[in-house]
Amino acid sequence: MGFKRTKYDLFLAAIATVSVLSSASLAHADEGKVWVGGAGANLNDLGPGLWGAGAFVGGQYAFSDFWGVFADYTLTYHFADDEEELPADLVNAIGLGVRYNLDVFTYVPYVGLAGTFYLDAPLVEDEALQANAGGK
C-alpha cells in the first residue's frame, strides 16, 4: 500500500517550510536583503488547477525604514492530474514590486504589491510556451 498524494499535501509542506525557516530581523533604511526558499503554487490556467512545488530567490532594497522595492524569481514544477487529463507543467516567474514595512512592531509585518511575468511550459510534445502576466 503506497502513499496517496492529495492536493493539500504541498500546501501543508510549504507552511511547515516557512515556519522552520522564518527568523526575526530588523528593517533599516539603505539596506539590501536576499532570500531563498521553497515554493508552492497552484496553476489554474488549465482548469481546476495543478498544485506544484519549487524554489524561489529574491532580493529587496529599502529606501527608508518603511519603503522598499523587491524582485524575485520562482521556478515550480506542477504535477500531472490523470483524473482531469492535465499534463505536468513547468512555470518560471519573475516578479517586481514595492513593499511597505509596518515598522512599529517587534516582528515587522509588511504589505507588498508586485507585477508578475511568467512562462508556462506544459510538458507534452508540440505544446507551445505560453507567456502570461499577473499580480501578487
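## Overall make-up

A residue is called buried when its relative accessible area is under 20%, and by that cut-off buried residues account for 24% of the 136 residues in the protein chain. The structure discussed here is a predicted model, and its accessible surface comes to about 9,100 Å², with 63% of that area belonging to carbon and sulfur atoms.

The protein chain contains 1 helix and 6 strands, and these elements follow one another from the N terminus in the order α-β-β-β-β-β-β. Where contacts link residues at least 6 apart in sequence, 48% of them join residues at least 24 apart.

## Strand β3: Asp-72 and Val-69

Two residues of strand β3 can be set side by side, namely Asp-72 and Val-69. Asp-72 has a relative accessibility of 12% and therefore counts as buried, given that the cut-off for this class is under 20%. Leaving aside residues up to four places away in sequence, Asp-72 touches Val-57, Gly-58, Ala-93, Ile-94, Gly-95 and Lys-136.

Val-69, by contrast, is partly exposed, because its relative accessibility is 33% and this class lies between the limits of 20% and 50%. With residues up to four places away in sequence again left out, the contacts of Val-69 are Gly-59, Gln-60, Tyr-61, Phe-63, Gly-97 and Val-98. Val-69 and Gly-32 stand 37 residues apart in sequence, while their C-alpha atoms are 9.7 Å apart in space.

## A nonpolar patch on the surface

Which residues form the nonpolar patch on the surface? The patch consists of Val-34, Val-36, Val-57, Tyr-73, Leu-75, Ile-94 and Leu-96, which together have about 650 Å² of accessible area. At least two residues of the nonpolar patch come from each of β1 (31-43), β3 and β4.

Leu-96, a member of this patch, is placed in strand β4 and counts as exposed because its relative accessibility is 57%. Leu-96 is also one of the residues touched by Leu-113, which is described in the next section.

Leu-113 lies in strand β5 and is exposed, since its relative accessible area of 62% is over the limit of 50%. Not counting residues up to four places away in sequence, Leu-113 touches Phe-70, Leu-96, Gly-97, Val-98 and Lys-136. Leu-113 and Val-69 are 44 residues apart in sequence, and the distance between their C-alpha atoms is 9.6 Å.

## A negative patch and its loop

A further surface patch is negative, being formed by Asp-82, Glu-83, Glu-84 and Glu-85. Glu-85 is placed in the loop between β3 (67-78) and β4 (89-101).

Is Glu-85 buried or exposed? Glu-85 is exposed, because its relative accessible area is 71% and the class begins over 50%.

Methods. Residues numbered from 1 in each chain as written. Predicted model: local features only at pLDDT ≥ 70, side-chain atom pairs only at ≥ 80, totals over all residues. Heavy atoms only, no water. Patch = residues over 30% accessible without salt bridge, like charges linked within 9 Å, V, L, I, M, F, W, Y side chains within 5 Å. Areas by Shrake-Rupley, 256 points an atom, 1.4 Å probe, with all protein chains shown as cover. Salt bridge = Lys/Arg side-chain N within 4 Å of Asp/Glu carboxyl O. Lys, Arg positive; Asp, Glu negative; His and termini not counted. Charge placed at Lys NZ, Arg CZ, Asp CG, Glu CD. Helix = DSSP H or I, 4+ residues; strand = E, 2+ residues; numbered from the N terminus. Buried < 20%, exposed > 50% of the residue type's maximum accessible area, 1.4 Å probe, protein only. Contact = heavy atoms within 4.5 Å.
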